[in-house]
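The following exercises ask the reader to work through contacts between chains and then the surroundings of single residues. Each task is followed by a solution in steps.

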4 protein chains.
Amino acid sequence: VPGSRPRYAFLGPAGTFTEAALRQVVSPDEAEYLPQIDVISALEAVRSGTAERAVVAIENSVEGSVTAVLDTLASGSPLVVLREVLVAVFFDLAARPGTAIEDVTAVAAHPHAWAQCRGWLAKNLPGVRHVSVTSNTTPAQALGSDDREIAYQAALVPPAAVALYGLVTLAATVADNPSAVTRFVVVGPPGELPAPTGADKTSLVVHLPTNRAGALLEMLEQFATRGVNLSRIESRPIGDELGRYSFSIDAEGHLSDARMGEALMGLRRVCPVVRFLGSYPRADGVVPQVRPGTADASFADAERWLAALRAGHVK
Amino acid sequence: VPGSRPRYAFLGPAGTFTEAALRQVVSPDEAEYLPQIDVISALEAVRSGTAERAVVAIENSVEGSVTAVLDTLASGSPLVVLREVLVAVFFDLAARPGTAIEDVTAVAAHPHAWAQCRGWLAKNLPGVRHVSVTSNTTPAQALGSDDREIAYQAALVPPAAVALYGLVTLAATVADNPSAVTRFVVVGPPGELPAPTGADKTSLVVHLPTNRAGALLEMLEQFATRGVNLSRIESRPIGDELGRYSFSIDAEGHLSDARMGEALMGLRRVCPVVRFLGSYPRADGVVPQVRPGTADASFADAERWLAALRAGHVK
Amino acid sequence: VPGSRPRYAFLGPAGTFTEAALRQVVSPDEAEYLPQIDVISALEAVRSGTAERAVVAIENSVEGSVTAVLDTLASGSPLVVLREVLVAVFFDLAARPGTAIEDVTAVAAHPHAWAQCRGWLAKNLPGVRHVSVTSNTTPAQALGSDDREIAYQAALVPPAAVALYGLVTLAATVADNPSAVTRFVVVGPPGELPAPTGADKTSLVVHLPTNRAGALLEMLEQFATRGVNLSRIESRPIGDELGRYSFSIDAEGHLSDARMGEALMGLRRVCPVVRFLGSYPRADGVVPQVRPGTADASFADAERWLAALRAGHVK
Amino acid sequence: VPGSRPRYAFLGPAGTFTEAALRQVVSPDEAEYLPQIDVISALEAVRSGTAERAVVAIENSVEGSVTAVLDTLASGSPLVVLREVLVAVFFDLAARPGTAIEDVTAVAAHPHAWAQCRGWLAKNLPGVRHVSVTSNTTPAQALGSDDREIAYQAALVPPAAVALYGLVTLAATVADNPSAVTRFVVVGPPGELPAPTGADKTSLVVHLPTNRAGALLEMLEQFATRGVNLSRIESRPIGDELGRYSFSIDAEGHLSDARMGEALMGLRRVCPVVRFLGSYPRADGVVPQVRPGTADASFADAERWLAALRAGHVK
């Protein structure tokens, strides 16, 4: 029964980078792919129960609004990140079969894709005209259709979209920064956490206690004192009024790590809002350096020592 | 001669929120408005000398990519922020004259506009279909044209776009959060700084010395020790490899303030990159609280005291 | 049986300020007073089992070496502070009966007593000669004896010593700083701790992890992050080589307070030596301000919250 | 003319460890030695102009009150430290010629000397009686006199005192900790500072702005942010009431170092009292590690950079 396969909402249609991320997570044979028109819809599909999982870009995106993802995770009913996935971001310059690169006078591209390929275009297609489109796959669909009125001869599209829409590649691996990577996350409802792997991240949203100088510093000291490093921090306007900020944070480590637990409890005590958004394996697998005295064994030793002191066993 | 008027690049076409921000800065009688297809083009127009100024969204945007703005300011030839402008963000539901709200079965909207108005639409146009478009003004232009093949009857557009394209308003001030505001900045080439007003901001890009735990904290202490408060901080991937971050920062105060100067020198000494992106008046005019001992007079007193000590005058 | 009364070692002989402190703790009817020749002997008497308690000066002393007390507590078999006692420090100018103040040309005084009364002596006995003595009671004993060869006519002695040695007071309450107070502590072997009163102190000895810049700061952040204030901190040379220091610390709060427990565990994890020297009521009874989020209830709430998160109950 | 030689006040009489420190500074041929009865008198001799210099113990002393030195430097008319000197602290067990060690049943010793030699005495003279004396040289003078009524046969005295008073050594280099060292300082009136050597210390007295949690931390951050390490910190009761503290601090570096100057200005701005007590070469000659970005050249570079920014030269 197809309905028994897990359903994954993602920014569609077929051929997007987000779909490429989703393919890394689960094959279309094992899951039902549910394309959505935007990232908010993808996340809401999980909240409403239409899907078990959503795959959305979370950083450095050429596709979907990272801001919308962060803001949607930060409020509303709880969702957690279960996994992260990296996708290399480069484009194919695609056209209808029979088109030569010399015929190209206008190129369709999402503004982010255009920005990403600016240098390449200036060098290889000097003077070419940019036709702005809503998404990376829109022009692939258009070129793949029978429509004769299209105002461009080629488009910058995700590699996976070329064959899908019956196009051919005029130039492959187009990108000014060949090491550009987008980070995607798999999001689901709260429940059992992914097991710690030793190379994990924990995502949080934290509001500062007050707006005064030093409040941010005090918040960060909750992490630093316990030896928890941050890999990402972004202030986001809270939205009720300009000037109040929440912080979207990725911290190195897993909720089950003693140091992470103590840091989170510290935040919980002094910050008006602490929202847990998941502990999950890092896509890059890098094992963070654990500072001396902050491993679980050190926490356990200190707890035993304190218990002994409190029982009067001073050494 | 029109050419003698200053030229302002902005995200066009006419009718965008960015144009509304630009109108707050300078009237079309006094400046030449140069619409651009994206925010990067607007900023590059200043770099290339095609424009004297650019107006771009810098935070909480429903229009243009804030990320692209931050990244474009952070590298390439220097640009500085000269002023900030706030624009209230709400939409008109616009249609061709003669359309009734009951006729509307599909609404065109940029995904961000749609997200901003989700609640209103669910309540007032339940079941309406979303047609995604590239920009806030695209559907206003389409509805304003003779095209009979359009797949929607109404669109969410900036209020300024309604009359401009010969449309009428079916519902005004549509927005789920009526206090939503977007922050825009006026950007120009380096040169003389705006004079300090007592209610100023300084924008910076700073790279951390290392990736180790505590490096972010040490960077922030450069501000805190001198009593400089931050109003915004965002980590941005540096781009050469995932996991290295730069920080985009707004600090309260002006480059000419003694405490800001000392904090910046502190950063300069310990961080590999410190890029100054301007000191300019805050749009909200809020005068920050200056902590005791951090006003210019305290700095001057301390300098005299140190000079006396070094000359052997110990009291 | 006298032996069944608890034995208190103190810096003797009878009449010292230390004895005055001891009298505040327990009357001579209820305890055996064991005078010692120095503070180290008093503390060692507890270690050897010769006494159940020792009373010694710990701060701002005119009697006994505070340094010796701190160093003796910091090494050797464990001792803990059980209580603190304050004694106002002023002297009587005492002499043999029949002596007039006009007859006084030389005054015996311990150097610390002399220092404490310098201003008074300059004003009231200008030109008087100082005869330095080993302790505050030595000249009281000498004047009280039959010895005719004594090189002074009067002495600065603790008020309690005057009648004890058969002397009379020429001038009472002699002290340049009338609010001078010495802090004494009652020391015993480890065991059951004094119950928390809400106005407690915890004494510690802590060695820094390394000698590098910032190590002291990191140690203090272990307290500050948990909202624990310090009321005293002194660096003491460790003694193995010049330049290595240990820190003698009084922190506000009791070992049983959650914030104190977590701070101590933090120290235990990152510092090579953390020695607990007791939790006991403050003599001044001042209840410290507890920062929001650092009371026991906040710790308990945070623990429940973390446990729920770890069980998958994300809200 | 002898009067033209500089006059050095010190804790006398001849034969003290302080005199040994003074001999390292200047020979008796080149200076007039002015023995004083206590360390306060030695310091006051400089204030009154009776002496040009004073030599006093400042740390880990077996002689004179370090506390009294710190407190005397911390208030009254200004004095500064000009140099520090280290003296190894061990004793000779001295007696009248003809005395055998077997004859010794009582040993005179200052309580600090006794404490320092406790282990040796227990092993080599088990059961010997302690006769407490006011200073390290008192028993040397007594044994060297004709007095036949002395209640001891030997004394622990500084090595220099043995021959001086006509005694002989029964046991040399007596000390439980053979590496014990006392730190002395040479103190003078303010004026020209000793030139920086690259291995210098700066001594300060600082009062905290308030008593609240974190005030100490903020004070220390003034040093840490500029990369200035502390080698000693002691809280001292201010004396007006119990519970208010001043801090006696030794910081690594010289007043003329840019980082030290900026740290001191930072303290000056936020602390009610900052008293400079001198910059002088370290006796141990150890060159401190200078953190990257805190050398004078880095400060000069940052100043040039800031000046350029303020002039509009943004790069």
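**Exercise 1.** Determine how many salt bridges there are between chain A and chain C, and which elements of chain A give two or more residues to the side that touches chain C.

*Solution.* Between chain A and chain C the count is six salt bridges, a salt bridge being a side-chain nitrogen of Lys or Arg within 4 Å of a carboxyl oxygen of Asp or Glu. One pairing is that of C:Arg269 with A:Glu262, whose closest N and O atoms are 3.7 Å apart. On the side of chain A that touches chain C, two or more residues come from each of α7 (215–224), α8 (258–270), β14 (273–281) and α9 (296–310), where helices (H or I, at least four residues) and strands (E, at least two) are DSSP runs numbered from the N terminus. The largest share, nine residues, is given by α9(A).

This is a predicted model, in which local features need pLDDT of at least 70 and side-chain atom pairs count only at pLDDT 80 or more, while totals for chains, interfaces and linings use all residues. Residues are numbered from 1 along each chain as its sequence is written, chains are lettered from A and ligands numbered from 1 in the order in which they are written, and side-chain values use heavy atoms, with hydrogens and water left out.

**Exercise 2.** Describe how chain A is related to chain C, and state which residue of chain A comes closest to the rotation axis.

*Solution.* The same surface serves both copies, since 100% of the contact residues of chain A recur in chain C, with contact meaning heavy atoms within 4.5 Å.

**Exercise 3.** Is B:Thr225 buried or exposed, and which residues of chain D does B:Thr225 touch?

*Solution.* B:Thr225 lies in the loop between α7 (215–224) and β12 (230–237) of chain B. At 7% relative accessibility B:Thr225 counts as buried, a term for under 20% relative accessible area, against over 50% for exposed and partly exposed in between (1.4 Å probe, protein chains only). Residues up to four places away in sequence not being counted, B:Thr225 touches D:Glu221, D:Gln222, D:Thr225 and D:Arg226.

Terms used
Copies are superposed by least squares on the C-alpha atoms of residues with pLDDT of at least 70 in both.
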